[in-house]
Amino acid sequence: MMNRQPLTINGQQNLMNRIEKMFENKKQNILSVYFTAGFPSLNDTVSIMKSLQDAGADMIELGMPYSDPLADGPVIQASSTIALANGMTIRRLFDQIKNFRNEIKLPVLLMGYMNPILQYGFENFCREAENAGVDGLILPDLPLYEFEKEFGSIIKKYNLDFVFLVTPETEESRVRKLDQNSNGFLYAVSSSSTTGKNVALDEQEKYFRKLSSMKLKNPVLIGFGIRDKSGFTKACSYANGAIVGTAFIKILENASGTEIPGRIKDFINSLK
């Protein structure tokens, strides 16, 4: 299955994937939501995606649980521990999402870490991601050098976008290089902490304004520490949108299957 689909602009047909098409149609206030596959129960993955779509999310970042995550705070780490205990694996995730495009029209990225993907086989992973209808990857521990040398060409071969992360400490020259190697969007980490920390976005205003002034190739989404309407609105004033993860995981905790759609609807409405 090829992810790229024709879109006619000014009478010309361009090949745009779902992420590009989303940003073409909606420039601001993008809400991307992260959650861990296999949490709170093993088979909740696709139903949560459907509920997010119904509730008005713009994009989904589907986390692949890993026992030793680099950037995740305690809430997401705990969700990964539960998902792994539930039996979630990359193989099982692909089995769950093999037909998800019958229902889910939103852009979907897989977010995770290199170790389990390398064990699975990197090219095999990318091939199956494309076949399932996944749009892109976020792998925080894939270095730029390794991306350029080896893995980027495989990712492109299977028509997947790749999103790099930048932080307030990332030098301008490196921001530009990461932007040039990213497709879809650039992930602006709000601080150099792990996910879920309380972040005063105004303290990073200079950093966000600088990113905005750089005329980057990609749209920018701000993540880490976005937990409520105030934070989402503030992040959207600095960038094209925001990514919410830890706060969403919290609303899924201890939820039964029947409770989940209502909780998700209320949460998305509270952000917007």
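**Reading the sheet and its salt bridges**

Reply: Ala188 has Ile222 in β10 as its bridge partner. This is a predicted model, in which local features need pLDDT of at least 70 and side-chain atom pairs count only at pLDDT 80 or more, while totals for chains, interfaces and linings use all residues. Residues are numbered from 1 along each chain as its sequence is written, and side-chain values use heavy atoms, with hydrogens and water left out.

Me: Which strands are paired over four bridges in the parallel sense, with β10 as one of them?

Reply: Strands of a sheet pair through backbone hydrogen bonds, either parallel or antiparallel. Here β9 (residues 186-189) and β10 (residues 220-223) pair in the parallel sense over four bridges. Two strands count as paired if DSSP finds at least two bridges between them. Helices (H or I, at least four residues) and strands (E, at least two) are DSSP runs, numbered from the N terminus.

Me: In what order do the strands of the open sheet lie?

Reply: The order is β7-β6-β5-β4-β3-β11-β10-β9-β8, nine strands with parallel pairing. At the edges are β7 (161-162) and β8 (165-166), each of which pairs on one side only.

Me: Which strands are joined to β4 by bridges?

Reply: Strand β3 (residues 30-36) runs parallel to β4 and is joined to it by five bridges. Strand β5 (residues 108-111) is also parallel to β4, with four bridges between them. Gly63 of β4 illustrates both pairings: Thr36 stands opposite Gly63, and in β5 the bridge partner of Gly63 is Met111.

Me: What is the handedness of the β-α-β unit that β3 and β4 make with helix α2?

Reply: A crossover is right-handed if, with the strands pointing away from the viewer, the path from the first strand over the helix to the second runs clockwise. The unit of β3, helix α2 (residues 45-55) and β4 is right-handed.

Me: Are the faces of β4 covered or uncovered?

Reply: In a regular strand the side chains alternate between the two faces of the sheet. In β4, Met59, Glu61 and Gly63 lie on one side and Ile60 and Leu62 on the other, and all are buried. Strand β4 (residues 59-63) is thus described as mostly covered, with five of its five residues buried. Buried means under 20% relative accessible area, exposed over 50%, and partly exposed in between (1.4 Å probe, protein chains only).

Me: How many salt bridges does a search of the whole structure find?

Reply: Side chains of opposite charge can pair when their charged atoms come close. The criterion is a side-chain nitrogen of Lys or Arg within 4 Å of a carboxyl oxygen of Asp or Glu. The search finds twelve salt bridges. One of them joins Asp95 to Arg91, with the closest N and O atoms 3.4 Å apart. Both residues lie in helix α4 (residues 90-97), four residues apart, about one turn of the helix. Asp95 is partly exposed at 40% relative accessible area, as is Arg91 at 36%.

Me: Which distant parts of the chain does the pair of Glu123 and Lys157 link?

Reply: Glu123 forms a salt bridge with Lys157, the closest N and O atoms being 2.7 Å apart. Glu123 belongs to helix α6 (residues 122-132) and Lys157 to helix α7 (residues 144-157), 34 residues apart. Glu123 is partly exposed, at 27% relative accessible area, whereas Lys157 counts as exposed at 53%.

Me: Which residues are linked in a network of salt bridges?

Reply: Arg18, Arg101 and Asp135 are linked in such a network.
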